[in-house]
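Please look over this model with me. My notes follow the picture.

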Amino acid sequence: MQFTKAEEYGIFGVLYLAQQPSGKVTPLSEISEVQGVPEKFLAKIFQSLSKSGIVRSHRGVKGGFSLGRPADTMTVREIVENIQGPYYIAKCLHTPGICEKKDCPIKHLLTEAQAALMDVFNRKTIADLMEWTGSPRIPQSN
């Protein structure tokens, strides 16, 4: 199990937007440069995130992105799953019949680990990550 670059870049991109003043539209080029992420790759990630309302796309000369809603309402799980789809730590947890063992003890272990991981991903928000980085909480009026 490993976070993909898309998931990592998506979280860092949303975190960057959350650190901006409320209502600020941030150009994708700025996010890309500050985060050290290829702009075209970030554009694809943000396209997925904008479809789900996590970020809001603004067109035009002064276009870019802003948060779709307050940072304390966005979970890590939402962001990850809107980028890559449902998150599983092992194939056997989402693909029936892949495991040849009838009562596999490893599957039981992985099921418990999956539940614990999803609990953390569901509880932790972008606002929590902001606190961990020492970023000030900027009130969002979305």
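The points below go from the overall fold to the core.

1. This is a predicted model, where local features need pLDDT of at least 70, side-chain atom pairs count only at pLDDT 80 or more, and totals for chains, interfaces and linings use all residues. Residues are numbered from 1 along each chain as its sequence is written, and side-chain values use heavy atoms, with hydrogens and water left out.

2. The protein chain has 6 helices and 2 strands. Helices (H or I, at least four residues) and strands (E, at least two) are DSSP runs, numbered from the N terminus. Along the sequence the pattern is α-α-α-β-β-α-α-α.

3. Of the 142 residues, 38% count as buried. Buried means under 20% relative accessible area (1.4 Å probe, protein chains only).

4. The largest nonpolar core has 34 residues. Such a core is a set of buried Ala, Val, Leu, Ile, Met, Phe, Trp, Tyr and Cys residues joined through side-chain atoms within 4.5 Å. Val14, Phe46, Leu49, Val55, Ile79 and Ile126 have the most contacts inside this core. The elements giving two or more residues to it include α1, α3 (39-51) and β2 (64-67). The largest share, 8 residues, comes from α1.

5. Now take Val55. Contact means heavy atoms within 4.5 Å. Leaving aside neighbours within four places in sequence, Val55 is in contact with residues including Val14, Leu17, Phe46 and Phe65.

6. What share of the contacts with a separation of 6 or more comes from residues 24 or more positions apart? They account for 64%.

Note on methods: Buried means under 20% relative accessible area, exposed over 50%, partly exposed in between (1.4 Å probe, protein chains only).
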